[in-house]
Amino acid sequence: MGSFLAVVATIFWGFENNFTQVLSQRNPIQVTMIKGLGVGIGSLILAVLFNEKLPNIKVIILALILGFFAYGISIVFYILAQRYIGAAKTSAYYAVAPFLSVLLSVLFLHEKMTSLFIFSLILMIIGSILLTKDALK
């Protein structure tokens, strides 16, 4: 079931990237605000459906600050990148993020470089090269 949901999420991510490309000529801050409201409302609906408790105000404020930097600003730049260099190149450059995460996990979280970790990293590199090869031309 998890693999199926990952495939479905990937398909929707593709749709979202293409819709964002269509909207990239509009004000990126407004587009980001609308996308954020959609995600926030969707998350709120799921929280209510699953009877989640509301966190304390400190957690809410910290989450809003984190969301502003981690989601808001990055999406504005993503939309601007799609406007100026196109969806394919933007996605190719965006694909670097997992490798930066790997580097940060090794440097700061002291993630162990097991054989499975290295094998997975090699597969990620090969997949990224294959997927982005044509986009960067």
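Is Phe15 buried, exposed or partly exposed, and what is its relative accessible area? In this predicted model, Phe15 is partly exposed, with a relative accessible area of 45%. Phe15 and Phe19 form a stacked aromatic pair, with 6.3 Å from centre to centre and 20 degrees between the planes. Both residues belong to helix α1, where a spacing of four residues places them about one turn of the helix apart. Phe19 counts as exposed because its relative accessibility is 55%, a value over the 50% cut-off.

The structure holds three aromatic pairs. One of them joins Phe12 to Phe15 in a tilted arrangement, at 6.4 Å centre to centre and with 55 degrees between the planes. Phe12 and Phe15 are three residues apart in helix α1, which spans residues 2-23, and are therefore separated by about one helical turn. The relative accessibility of Phe12 is 54%, so this residue counts as exposed. Together, Phe12, Phe15 and Phe19 make up one aromatic cluster.

A further site concerns Ser105, which is located in helix α5, comprising residues 97-108. Ser105 has a relative accessible area of 13% and is therefore buried, the cut-off for this class being under 20%. When its neighbours within four places in sequence are left aside, Ser105 is in contact with His110, Glu111 and Phe117. Between Ser105 and Phe69, which lie 36 residues apart along the chain, the C-alpha separation is 20 Å.

Notes
Residues numbered from 1 in each chain as written. Predicted model: local features only at pLDDT ≥ 70, side-chain atom pairs only at ≥ 80, totals over all residues. Heavy atoms only, no water. Helix = DSSP H or I, 4+ residues; strand = E, 2+ residues; numbered from the N terminus. Buried < 20%, exposed > 50% of the residue type's maximum accessible area, 1.4 Å probe, protein only. Contact = heavy atoms within 4.5 Å. Phe/Tyr/Trp six-rings, centres within 6.5 Å; stacked < 30°, edge-to-face > 60°.
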